[in-house]
Amino acid sequence: LNFDIRTRTAKFTAGMKTVSGRLRKVRSEAQAVNGSMRGMFAMVAAVAGPAAIGALTKSSLATIDAQAKLADTLGLTTAELAGFELAGQRTGATSEQVKKSIEKLAVNVTDAAAGIGTAKDAFSRLGLEGKVLMKLPLDDQFKLVSDRIKGVTNATERVGLAYDIFGRQGTNMVKMLQLGSEELEGFEARAVSLGSAVNRIDSAKVEEANDAALEAKMAFGAL
């Protein structure tokens, strides 16, 4: 039993040395991340008080990490994704609905470019082609579809097109889609000014901080 405890303690100590090294590196870089989020933290402190900052920091780090990973997967910048999320929230859609809709758009554009899927007819009704859309970045695809749906005057047709192109979440996205590309770009700029869109360099630091914290938690759990 003593041998087992000594062995596990030695492994824990070695693991914590590695984690501590990573945490020191993360701590030394924290000021850079702090700077990019200072505006958001200051706003919350003014409204909810300094006590809210601790909870905000923890939740924000998790959100930034997840946002960066999803943005990379979709080929978007964190600013573009944050702008879409903000626009969705302002028009009645949740962040999750916005994300799922963007993912569905990417799938449907790919299918339409291959001449398959139900969305190709919806794109055609908007004067768009899958092969042409495929050549555009995903954020431009979304904005172009938004411009075309904004021009549809029949409410029932708008809902049907949104459903066909963005899936089940499309009906929750109609108001956002009616904004058009210009207003969507405005929300992107607003997200950056609010500090909710952290640049990719700082996002990478946040991801490293979260990874180090996870490793520390695992090291304590192994003791």
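Author: Helices (H or I, at least four residues) and strands (E, at least two) are DSSP runs, numbered from the N terminus. This is a predicted model, in which local features need pLDDT of at least 70, side-chain atom pairs count only at pLDDT 80 or more, and totals for chains, interfaces and linings use all residues. Residues are numbered from 1 along each chain as its sequence is written, and side-chain values use heavy atoms, with hydrogens and water left out.

Reader: How many helices and strands are there in the chain?
Author: The chain has 11 helices and zero strands.

Reader: And what share of the residues is buried?
Author: Of the 223 residues in the chain, 40% are buried, where buried means under 20% relative accessible area, exposed over 50%, and partly exposed in between, with a 1.4 Å probe and protein chains only.

Reader: Switching topic, how many aromatic pairs are there?
Author: The count is two, taking rings of Phe, Tyr and Trp (its six-membered ring) as paired if their centres lie within 6.5 Å, with planes under 30 degrees apart called stacked, over 60 edge-to-face and the rest tilted. The ring centres of Phe84 and Phe142 are 4.7 Å apart with planes at 45°, so this pair is tilted.

Reader: Which helices hold those two, Phe84 and Phe142?
Author: Phe84 lies in helix α3 and Phe142 in helix α7 (residues 138-150), so the pair ties together parts that are 58 residues apart in sequence. Phe84 is buried at 2% relative accessibility, and Phe142 is buried at 1%.

Reader: Which residues do the ring pairs link into a cluster?
Author: Phe84, Phe142 and Phe166 are linked that way.
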